[in-house]
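Hi everyone, thanks for coming. I'd like to walk you through a structure that may be new to you, so please have a look at it while I talk.

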Amino acid sequence: MADIRPESMERITTEALAQAFIEEQVAELKVQIGDKKVLLALSGGVDSSVVAALLIRAIGKQLVCVHVNHGLLRKGEPEQVIEVFQKQMHANLIYVDAVDRFLNKLAGVSDPEKKRKIIGAEFIRVFEEEARKQDNIAFLAQGTIYPDILESKGVKAHHNVGGLPDDLQFELVEPVKFLYKDEVRVVGKALGLPDQMVYRQPFPGPGLGVRCVGAITRDRLEALREADAIVREEIGKLPEVPWQYFCAIPDFQSTGIKYVDGKGERYMGWAVIIRAVNTVDAVTATVPEIPFSVLCRIRDRIVENVNGVNRVCWDISSKPVATIEWE
Ligand code: XMP
């Protein structure tokens, strides 16, 4: 089939349309796959999660999901993937704890593009190793969506790290390749995926790696993860939630003061930067107003609970001239 969305295809905006799409896809996937096995890299993002849920419905345990924890995921993400897919949907899920592998490879690397390449290449390597452990895989499922086809000829991640080697070139299964993001969400909801997954804000493939500025260290990465969870919780409660909101943590320290037995002592700590943006297409972005009381609550929770952080800043830069991410 040509990679062009059929003109007759109705926009999926309702639960009923989503259910019709699901039924049709499940029937097609059953015929296409037969009794063979399908491999899927399941990040927990909207697209791969919807593909997983569709395939679980169509072929059950013939789907082999691989969830790679590269150590750069947000707080609670690997646990949620296991909870939803293994415990609730009874998927055939392989969880790969590759945290040490990634963090060791990244140690001392401060150049943002090198960091992205290392993360992308290591991801392919880990996935390849898992693929080689499996017998009878005939298909590779991918969460390609229509904008990926329109914008980058079907290439999903935008780091230039190549793909799986020639002997692991499986036939592709891309059941949501003609859907726009909003349609993928409607289908995800109809498949019973939790709102947290379906309405997840965009999150870069290299994850917290591009927000832990400079060379990543485990303690600073942990501080970022904890601070980010607080920012997401507090800003997520606003009546109008920004398009994307998160934390970055630069690789320098500034002076702080703490009181030990009533005596002030100076020490060096990290600054956490709150970032929140509104945008339509991520090409330009503006900064929404956030009530000062919310910012103060975030500050208090971070400095009281996150080890090593003594300062909280709010990034009010639009794009351009700043990018959304800090690296
Ligand atoms: P920037 O920082 O370029 O980000 O203004 C625009 C949007 O793209 C996301 N982003 C990435 N996504 N891999 C990804 O999959 C990346 O390396 C990457 N860098 C930025 C960013 O979160 C924002 O939504």
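This is a predicted model: local features need pLDDT of at least 70, side-chain atom pairs count only at pLDDT 80 or more; totals for chains, interfaces and linings use all residues.

Okay, let's begin with helix α1, which runs over residues 15–33. That's 19 residues, and from the first C-alpha to the last the helix reaches 26 Å, close to the 27 Å expected at 1.5 Å a residue.

So which residues of α1 are buried? They are Ala18, Phe21, Ile22, Gln25, Val26, Leu29 and Ile33. If you look down the axis of α1, those buried residues fall within an arc of 135°, so they line one face of the helix.

What covers the buried residues of α1? The cover includes the strands β1 (37–41), β4 (137–141) and β5 (171–173), along with the helices α2 (46–59) and α7 (181–190). And just after α1 comes Gly34, with a positive phi of about 60°.

Next, helix α4, residues 99–106. Here Val99, Phe102, Leu103 and Leu106 are buried. Down the axis of α4, these buried residues fall within an arc of 90°, so they line one face of the helix. Among the elements covering them are β2 (63–69), β3 (92–97), α5 and α9 (218–235). After α4 you get Gly108, and its phi is positive too, near 80°.

Glu130 sits in helix α5, residues 112–132. Is Glu130 buried or exposed? It has 9% relative accessibility, so Glu130 counts as buried. Not counting residues up to four places away in sequence, Glu130 touches Val66, Ile94 and Val96.

Let me give you some distances. The side chain of Arg116 has an N or O atom 2.6 Å from an oxygen atom of the ligand. For Gln244, a polar side-chain atom lies 2.9 Å from a ligand oxygen. And for Glu325, an N or O atom of the side chain is 2.5 Å from an oxygen atom of the ligand. How much of the ligand does the protein bury? On its own the ligand exposes 500 Å², and the protein buries 80% of that.

The peptide bond joining Lys319 and Pro320 is cis, with omega about -15°. Then the bond from Pro320 to Val321 is cis as well, with omega near 25°.

What about positive phi outside glycine? Asp261 has a phi near 50°, and you'll find Asp261 in the loop between β7 (253–260) and β8 (263–277). With 81% relative accessibility, Asp261 counts as exposed. Then there's Ala282, with phi near 70°, in the loop between β8 and α10 (292–305). Ala282 has 25% relative accessibility and counts as partly exposed.

That loop between β8 and α10 also holds Thr279, which counts as buried at 13% relative accessibility. What does the side chain of Thr279 reach at 3.3 Å? It's the backbone nitrogen of Asp281. A polar atom of the Thr279 side chain also lies 2.6 Å from the backbone oxygen of Thr284. Leaving aside neighbours within four places in sequence, Thr279 is in contact with Trp243, Thr284, Ala285 and Ile324.

Last stop: Phe292, in helix α10. Phe292 is exposed, with a relative accessible area of 64%. From Phe292 to Tyr95 it's 197 residues in sequence and 41 Å in space, C-alpha to C-alpha.

That's my tour. Happy to take questions.

Note on methods: Residues are numbered from 1 along each chain as its sequence is written. Side-chain values use heavy atoms; hydrogens and water are left out. Helices (H or I, at least four residues) and strands (E, at least two) are DSSP runs, numbered from the N terminus. The expected span of a helix is 1.5 Å times one less than its number of residues. Buried means under 20% relative accessible area, exposed over 50%, partly exposed in between (1.4 Å probe, protein chains only). The arc is that of the directions from the helix axis to the C-beta atoms. Contact means heavy atoms within 4.5 Å. A polar contact is a pair of N or O atoms within 3.5 Å; within protein, one must be able to donate a hydrogen and the other to accept it, and residues adjacent in sequence count only if both atoms are side-chain atoms. Accessible areas come from the Shrake-Rupley method with a 1.4 Å probe; for residues, only the protein chains shown count as cover.
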